[in-house]
Amino acid sequence: MATSQLTASSMTVSVRSFASFEGLRPSIVKFSSFGTLKPGSLSQRSCKGLFVKAAAIVAPKYTSIKPLGDRVLVKIKEADEKTEGGILLPTTAQSKPQGGEVVAVGEGKTIGKTKLETSVKAGAQVIYSKYAGTEVDFNGSSHLILKEDDIVGILETDDIKDLKPLNDRVFIKVTEAEEKTAGGLLLTEASKEKPSIGTVIAVGPGTLDEEGNRKPLSVAAGNTVLYSKYAGNDFKGNDGTNYIALRASDVMAVLS
């Protein structure tokens, strides 16, 4: 995403003046290294850690955006404003969406002498990597311009369990965390270690070689695998089941 850095040389900021940043969502303003703030304590020196990330705004006079190369334009799905039980969520509690609808695609890319079209089409519902791409405000809606390789997969239903991974992505159903220690002691939620084992649900068609041919992945649906901790993108199915989508290179071993 486009990033602007506000430094001591460009401005002086006080606690009260933060309200003047009109149009910026609270979720895209990042404060780092401030520690404990006291009224009037923000000075030019203390603003060195302030970064503001904001979407690029396309003026109304432009009526279309045509992505170039293997880039894709996605209209971002709006964040849920309520829980399943109907409780309104404050802006800070609304999870950032990782999905949307493809509204335009580039002409594709060339590998060697082979011209490859983009593998997603306009109208497809896709899931993309968190923090990927550049956010753009266009026609009153939030969009994202990102590389095709940043698209994790295509979602043909409203449940993440049906995700169809692309390229070298692997979609895994995460094994539930252990409820007890080896000695039989019950574990609290905070002390349960994040699992890094799961069952492969679906795999992408593979990576492209220098001639534009697909190289099949070394794992297949049904494999139980050990994957790198903290890799990939986590998702939760409609029934509460945990899933993760990651690159095949993040799968370390097949268990049997």
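Predicted model: local features only at pLDDT ≥ 70, side-chain atom pairs only at ≥ 80, totals over all residues.
Student: What makes Tyr 243 buried or exposed?
Tutor: The value for Tyr 243 is 7% relative accessibility. The cut-off for buried is under 20%, so Tyr 243 counts as buried.

Student: How many aromatic pairs are there?
Tutor: The count comes to one aromatic pair. The rings are those of Phe 171 and Tyr 243.

Student: What makes Phe 171 and Tyr 243 a pair, and why is the pair called stacked?
Tutor: Take the distance, then the angle. The ring centres are 5.2 Å apart, and rings pair if their centres lie within 6.5 Å. The planes stand at 15 degrees. Planes under 30 degrees apart count as stacked, so this pair is stacked.

Student: Which parts of the chain does the pair link?
Tutor: Distant ones. Phe 171 is in strand S14 and Tyr 243 in strand S20, 72 residues apart.

Student: How do you know that strands S14 and S20 pair?
Tutor: Count the bridges. Five join S14 (residues 169-174) to S20 (residues 242-247). Pairing needs at least two bridges, so S14 and S20 pair. The two strands run antiparallel. Within S20, Ile 244 is the bridge partner of Ile 172.

Student: Where do S14 and S20 sit in their sheet?
Tutor: The sheet is open and has six strands, in the order S19-S20-S14-S15-S18-S21. Its pairing is antiparallel.

Student: What makes S19 and S21 edge strands?
Tutor: S19 (233-236) and S21 (251-255) each have a single partner strand, so one side of each is left without a neighbour in the sheet. On average, neighbouring strands of this sheet are turned by 40 degrees against each other, direction ignored.

Student: Why is Glu 211 called exposed?
Tutor: Glu 211 has a relative accessible area of 56%. Exposed means over 50%, so Glu 211 is exposed. The residue lies in the loop between strand S16 (207-208) and strand S17 (214-215).

Student: Which residues does Glu 211 contact beyond its neighbours within four places in sequence?
Tutor: Ile 111 and Thr 114. Contact here means heavy atoms within 4.5 Å. Glu 211 and Gly 112 are 5.8 Å apart, C-alpha to C-alpha, yet 99 residues apart in sequence.

Student: How many helices and strands does the protein chain have?
Tutor: Zero helices and 21 strands. Of its 256 residues, 34% count as buried.

Conventions. Residues numbered from 1 in each chain as written. Heavy atoms only, no water. Helix = DSSP H or I, 4+ residues; strand = E, 2+ residues; numbered from the N terminus. Axes fitted to C-alpha atoms, helices over the stretch in contact; angles between N-to-C directions. Buried < 20%, exposed > 50% of the residue type's maximum accessible area, 1.4 Å probe, protein only. Phe/Tyr/Trp six-rings, centres within 6.5 Å; stacked < 30°, edge-to-face > 60°.
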